[in-house]
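Hi everyone, thanks for making time this morning. Have the model open on your screens if you can, and let's walk through it together.

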Amino acid sequence: MSMLETRNTTKAFGSLIAVNDVTLSVAPGELRAIIGPNGAGKTTFFNLITGFFPPTSGQIILDGQDITNRTATQRVKLGMGRTFQITEIFPELTVHENVRIAVEAASGYSLHMWTSRHDATRVRAGIDEILALTNLTTKADRLVGELSHGDQRAAEIAMALALKPRVLLLDEPTAGMGEQETYQVAGLIRRLHKNSNYTIVLIEHDMRVVFNLADRITVLTEGTMLADGTPAEIAANPAVQAAYLGTAE
Amino acid sequence: MSAATATRLESERPKGRPRPPQWTTGAVIWVVLLSAPLWLGFVGGYTALASHVVVMALVAMALNFLLGFTGVMSFGHAAYFGLGAYGTGLTLRYLSDSTWFAVLNGVLLGGIAGTLLGILICRRRGVYFAMVTIAFGQIFYYIAYRWDSFTGGYDGLRGFSRQPLGVGPWTIDIQGNGTLFYYFVLAVFAVSVGLMAFLLNSPFGRTLIAIRENQRRAQFLGIAVDKHIWLSFSISCFFASTAGALYALLNNFADPTSMYYTLSGEIVIMVVMGGMRNFWGPLVGAAIYVVLQDYISSMTVNWMSFIGLMFVMVVMFFPSGILGMLRRRATT
């Protein structure tokens with residue numbers, strides 16, 4: 001049984017086929033990396049999975065349920081958490097407020113005009129747990145816009161975690177980061193994977209991060225799936241070396 | 001872009017230092033408002049001017065619920081303000097001599113109109129949202145302007161006046177006593193503003209702020225963004241029409257220019273000048289605007305150019321508004 005599946009998923013923008021007939025399956029608890037050169041259709045593929053736009057053909061299945069025709073908001077409620085290439089946070093609010101909004105949204109309180117003491121206690125416990133998990137407890141009262149890139153990314157991941165996602169999709173979580181911050185974010189992802197057993201799909205350019213973290217790797221080029229396998233298999237695959245690693249390094 | 005600018009400004013604040021608590025500003029404002037009739041005469045003011053300030057503060061804070069706390073720009077709020085005024089005036093003129101009933105009708109007329117139109121408006125974003133709000137606003141202006149026999153047309157609606165208020169066994173003479181009327185306006189203002197503060201401190205209010213900050217992130221938290229914007233627009237219109245109802249009582253008059261888009265623009269100026277990221281900012285903006293208008297317009301017909309100049313200077317030098325600037329001073 002897989003947690004996330006795409007079956008012959010295709011997306012065409014006019015005559016440009018951005019994602020071409022991709023079929024893949026991610027097992028529960030797996031950390032899957034999607035790699036490929038710029039313009040390979042990785043982010044488009046993410047947008048199809050999260051419901052940013054519908055596929056031209058094919059299916060998307062979350063935990064056995066066909067979600068191809070669900071909207072982005074419905075998919076979030078079914079357990080799809082996402083972070084973006086450019087960090088999407090609430091910059092003028094504190095870390096605590098950011099996570100609080102996410103926890104309240106996940107609890108279905110977004111339209112509540114008042115909170116009972118019982119609900120407030122539950123929300124507070126949820127926030128504390130997530131802040132601890134993402135190492136942000138000491139920075140809870142800082143404005144997110146003031147934090148380092150690494151901590152902003154951690155805050156974004158914290159918000160996605162508040163949704164108690166069944167699948168966590170991370171679009172280039174270490175993009176634009178220095179050594180130190182990349183290390184910090186990679187450490188967070190590893191903890192979420194190993195200790196908390198999240199199912200994670202990530203797009204990543206940093207090959208050290210990919211080969212250190214991933215259980216399996218999927219390679220996309222020009223919208224098509226070139227290879228799919230364990231890090232060792234991918235590293236040894238001549239087609240991948242020719243098409244991707246050979247030119248990139 | 002505005003979010004980025006604001007982030008930069010926030011980061012100029014010494015790191016890790018807490019913002020001064022909001023209640024200090026609130027306490028100062030309430031002392032000033034409650035004591036106004038005592039000292040107003042000494043500085044050349046009068047109670048009708050104070051009532052006018054409070055009324056405009058309410059409509060500006062109502063707009064700020066949408067603009068400052070949901071991040072959506074309406075350029076048509078005068079329409080709902082005007083509907084509140086006409087609803088109140090028409091009730092007193094044709095239906096009843098109960099001030100309470102008239103205010104209720106005014107609030108409902110503007111609030112319900114805003115709620116229904118909001119269904120159509122809330123899917124638009126940015127410039128389109130603003131344009132649609134202007135367009136709908138102008139419709140009401142032309143109805144009031146053209147329907148001579150019912151609304152008084154161009155000359156405005158006359159022939160009604162606020163009636164003494166029945167409160168249980170007592171009657172409060174807000175008709176003849178300007179100071180009592182001021183406190184009546186202030187009481188309605190207090191309830192409205194209290195409700196707004198309550199809503200903004202709820203999960204619903206935080207969600208609105210989340211939408212202001214980042215709609216995409218809000219959407220990917222599973223928040224129904226359009227529905228929240230619609231509700232915020234509706235709530236904002238209810239409070240704008242409450243202000244309009246008080247405005248009709250203040251002047252015993254309702255005129256079509258109170259629905260015209262230039263007034264919508266003036267309300268936006270009050271909000272921005274006072275500081276739209278601040279709960280009390282629009283009140284400060286409204287006070288400065290109304291008082292300047294009153295003083296300068298007695299000296300020159302070109303009073304608007306002075307306000308314009310001041311507006312430009314505030315936007316250039318204190319982008320977080322006058323109250324935002326004062327609070328920043330207090331921190332550093």
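Let me begin with a question: how many residues does helix α12 of chain B have, and how far does the helix reach from its first C-alpha to its last? Helix α12 of chain B, residues 261-274, has 14 residues and reaches 20 Å, close to the 20 Å expected at 1.5 Å a residue. That expected span is 1.5 Å times one less than the number of residues in the helix. When I say helix or strand, I mean DSSP runs numbered from the N terminus: H or I over at least four residues for helices, E over at least two for strands.

Before going on, some housekeeping. This is a predicted model, in which local features need pLDDT of at least 70 and side-chain atom pairs count only at pLDDT 80 or more, while totals for chains, interfaces and linings use all residues. Residues are numbered from 1 along each chain as its sequence is written, and chains are lettered from A and ligands numbered from 1 in the order in which they are written.

So, how confident is the predictor? The model scores ipTM 0.79 and pTM 0.85. For chain B the mean pLDDT, the predictor's confidence in each residue from 0 to 100, is 86, and 93% of the residues of chain B reach 70 or more. Within chain B, helix α11 (residues 225-251) has the highest confidence, at 95, and helix α1 (residues 2-11) the lowest, at a mean of 40. Please be careful with residues 1-18 of chain B: pLDDT stays under 50 there, and the model has 21 contacts beyond four places in sequence for that stretch. A contact means that two C-beta atoms, placed from the backbone, lie within 7 Å. Where pLDDT is low, the predicted coordinates should not be read in detail.

Back to α12(B). Is this helix mostly covered or mostly open? Mostly covered: 11 of its 14 residues are buried, among them L263(B), I267(B) and M273(B). Buried means 20 or more other C-beta atoms within 10 Å of a residue's own, exposed means 12 or fewer, and partly exposed is in between, again with C-beta atoms placed from the backbone. Just after α12(B), G275(B) takes a positive phi of about 125°.

Helix α4 of chain B, residues 77-95, is another one to look at. Its 19 residues should span 27 Å at 1.5 Å a residue, and the end C-alpha atoms are 26 Å apart, which agrees. In α4(B), 17 of the 19 residues are buried, so this helix is largely enclosed by the rest of the structure.

Now for the core. A nonpolar core here is a set of buried Ala, Val, Leu, Ile, Met, Phe, Trp, Tyr and Cys residues joined through C-beta atoms within 7 Å. The largest one has 170 residues, of which A158(A), V59(B) and A60(B) touch the most other members. Helix α11(B) gives the largest share of this core, 16 residues. Leaving aside neighbours within four places in sequence, V59(B) is in contact with H77(B), F81(B), A240(B), A243(B) and I267(B).

Where do the two chains meet? Here 25 residues of chain B are in contact with 29 residues of chain A. On the chain B side, α1, α9 (203-213) and α10 (215-219) each give two or more residues, and α9(B) gives the most, with 7.

A218(B) sits in helix α10 of chain B, and it counts as buried with 26 C-beta neighbours inside 10 Å. Not counting residues up to four places away in sequence, A218(B) touches A210(B), I211(B), I223(B) and V225(B).

Last, chain A, which has 9 helices and 10 strands. Its radius of gyration, taken over C-alpha atoms, is 18 Å, close to the 18 Å from the globule rule for 249 residues, so chain A is as compact as a globular protein of that length. That rule is 2.2 Å times the number of residues to the power 0.38. Buried residues make up 47% of chain A.

Which backbone angle stands out at N8(A)? Phi of N8(A) is near 50°, a positive value in a residue other than glycine. N8(A) is found in strand β1 (residues 4-13) of chain A and is exposed, with 12 other C-beta atoms within 10 Å.
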